[in-house]
Amino acid sequence: MLKAMADYGRLMRAGTALVRHDVILPGEYQTRLPVPARLAGRTLRLFGGRAKGRPGERLATALEKLGPAYIKLGQFLATRPDVFGTEVATDLSRLKDKLPPFPMEDARKTLETEFGKAEADRLFTGLGEPVAAASVAQVHKLETPEGMKAVKILRPGVERLISQELRAMKRAARTIERAMVESRRLEPVAFTNTVADAMMKELDLRLEAGGGDQIKSMSDKDEWFVVPAVDWDRTAQRVLTTDWIDGIPLTDPKALEQPGLDRVELATSITRGFLTHAIGHGVFHADMHEGNILITPDNRVALVDFGLIGRIGMEQRRFLAEILWGFIRRDYQRIAEVHFEAGYVPATQSVGEFAQALRSVGEPIHGKPAEDVYMGRILLQLLDYTRTFGMHLRPELVLLQKTMVQVEGVARTIDPKHDIWKASEPIVKTWIAENFGPAGAAKLAAKNILEVADRLKRLPEVMDRFEASLEPGYHDNPKPPRNQPPWWAWFGLTVVLAAIAGLTAVQFA
């Protein structure tokens with residue numbers, strides 16, 4: 001009961017902030033609202049200040065003031081134009097997360113708690129003043145015999161604060177889903193749980209270290225990005241230490257003024273690097289805004305801050321690849337079929353009508369200059385059709401959608417004429433060829449053969465047990481299985497394996 005009262009108190013505080021910024025029933029939407037809603041909106045504006053900017057900009061400002069949990073919520077809401085509209089979703093995608101740093105004394109206390117005083121004094125002797133601060137953590141420079149390091153330290157008490165705010169959000173989502181039948185299509189509880197899971201993982205910096213190390217391993221092979229190495233000896237639950245990356249963040253205009261920098265190549269690297277990770281590995285940096293992307297002195301792209309790592313399975317990777325490839329080839333029928341095969345559109349809907357809707361999204365972009373075509377806008381338009389075709393939220397795709405919009409925005413900041421379709425084509429084409437062409441068919445055939453072989457190795461034992469189970473008294477004195485399968489089992493195995501290989505080859509021919 002006390003927790004419920006505390007939760008509703010926090011929600012009232014959030015509601016008050018939204019009222020002050022004229023976010024609830026904003027004046028810009030008066031003509032679209034029924035009379036009772038108009039009257040309610042006017043009443044709320046009597047208690048609010050004279051908020052400036054578009055509704056999405058005002059909402060972003062309100063969420064920034066409410067703290068880290070609400071900032072993260074806003075970043076996720078930026079992926080839901082079906083709830084707020086394309087303009088508001090675009091404004092929310094610009095949410096920033098900067099705060100004044102906390103004192104050095106608190107930083108040292110955290111180090112002592114995590115490592116012990118003696119070890120903290122030894123490992124962090126050269127710790128400098130904070131160089132960047134956000135709502136969850138701040139970053140310090142550290143001089144060591146091995147070179148300069150970056151030390152990320154969580155804010156004191158941030159875990160308790162975020163946990164309380166997330167609990168209140170979950171309560172609100174459950175209340176909305178129970179009270180409003182229409183809201184269930186948007187899966188508010190699943191959506192809020194996705195936000196909460198991502199936030200809680202960001203509060204354990206050991207998980208961030210693992211994610212960063214995996215991204216580095218992939219980047220060292222693919223060579224699209226520079227990623228700092230983790231200093232495991234100086235990393236704990238509330239402290240993360242990595243190599244220091246010399247570079248200028250893209251939030252600084254000077255980053256793109258370095259001599260010899262090729263903007264076209266740089267933008268292409270960001271797009272292809274992201275798609276290589278997402279489609280090729282199923283793992284990607286899921287917070288690729290300008291503040292987390294640095295340009296190194298040799299004009300390479302460096303990634304930092306791995307608190308949010310996205311992961312998608314083979315089915316979602318196939319879905320993404322086929323969607324992009326379908327738009328590149330203007331094959332709207334196949335794009336529609338992929339949506340139905342993945343279960344993203346209810347089977348009761350018409351594939352043909354959905355393909356028609358997709359055509360209305362894709363055709364207007366063909367033949368236009370690259371600077372007039374935005375993949376992010378297309379993704380947002382696709383999501384606009386969720387209501388029309390009864391599509392449900394897919395929590396596993398929320399991070400992917402959010403990051404794709406971010407990546408395109410960053411690439412266009414670097415090169416306003418960046419053609420994301422042209423940049424995507426070789427990555428998508430190669431992946432499809434490797435996984436669905438002859439090479440993919442061979443891999444699938446080999447996998448199927450191994451699985452069937454494993455099962456058929458156990459066939460003689462299974463048959464012996466089946467025959468014995470038919471004999472009287474088996475359960476009292478079961479017959480032990482044979483050690484070696486008979487000749488006919490090996491012959492049957494050979495025939496079945498050959499048949500499977502042939503069927504697989506025909507399927508992909």
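1. Phe340 is buried, and Phe354 is buried too (buried is under 20% relative accessible area, exposed over 50%, partly exposed in between, with a 1.4 Å probe and protein chains only). This is a predicted model: local features need pLDDT of at least 70, side-chain atom pairs count only at pLDDT 80 or more, and totals for chains, interfaces and linings use all residues. Residues are numbered from 1 along each chain as its sequence is written, and side-chain values use heavy atoms, with hydrogens and water left out.

2. Aromatic pairs. The structure holds 3 of them. Rings of Phe, Tyr and Trp (its six-membered ring) pair if their centres lie within 6.5 Å; planes under 30 degrees apart count as stacked, over 60 as edge-to-face and the rest as tilted. Phe274 and Phe284 have ring centres 5.6 Å apart and planes at 85°, so they pair edge-to-face. The pair links distant parts of the chain: Phe274 sits in helix α12 (residues 263-281) and Phe284 in strand β6 (residues 283-285), 10 residues apart. Helices (H or I, at least four residues) and strands (E, at least two) are DSSP runs, numbered from the N terminus. Both Phe274 and Phe284 are buried.

3. The Phe340 pair. The ring centres of Phe340 and Phe354 are 6.1 Å apart with planes at 75°, so this pair is edge-to-face. Distant parts of the chain are linked here: Phe340 belongs to helix α14 (residues 332-341) and Phe354 to helix α15 (residues 351-362), 14 residues apart.

4. Strand β3. What share of strand β3 (residues 147-154) is buried? The count is 6 of 8 residues, so the strand is largely enclosed by the rest of the structure. Strand β2 (residues 137-144) runs antiparallel to β3, joined by 8 bridges. Two strands pair if DSSP finds at least two bridges between them. A hairpin of 2 residues connects β2 to β3. Glu143 stands opposite Met148 in β3, and Gln138 has Ile153 in β3 as its bridge partner.

5. Neighbouring strands. β3 also pairs antiparallel with strand β4 (residues 239-243), over 5 bridges. There, Lys149 has Asp243 in β4 as its bridge partner. Strand β1 (residues 126-133) pairs with β2, antiparallel, over 5 bridges. β1 and β2 form a hairpin with 3 residues between them. Gly126 is bridged to Glu143 in β2.

6. Salt bridges. The count is 14 (a side-chain nitrogen of Lys or Arg within 4 Å of a carboxyl oxygen of Asp or Glu). One joins Lys152 and Asp305 at 3.1 Å, N to O. Lys152 lies in strand β3 and Asp305 in the loop between β8 (301-303) and β9 (309-311), so the pair ties together parts 153 residues apart in sequence. Lys152 is buried at 14% relative accessibility; Asp305 is partly exposed at 28%.

7. Further salt bridges. Lys216 and Asp220 meet at 3.5 Å, N to O. Both lie in helix α11 (residues 205-222), 4 residues apart, about one turn of the helix. A network of salt bridges with shared partners joins Glu146, Lys149, Asp231, Arg234 and Asp243. Asp204 and Arg206 also form a salt bridge, 3.0 Å from N to O. Asp204 is buried at 15%, whereas Arg206 is partly exposed at 43%.

8. Helix α18 (residues 420-436). Its 17 residues should span 24 Å, and the end C-alpha atoms are 23 Å apart, which agrees (expected span: 1.5 Å times one less than the number of residues). There is a kink of about 30° centred on Pro426; the bend at a residue is the angle between axes fitted to the seven residues ending there and the seven starting there. Buried residues of α18 include Trp421, Ile427 and Trp431.
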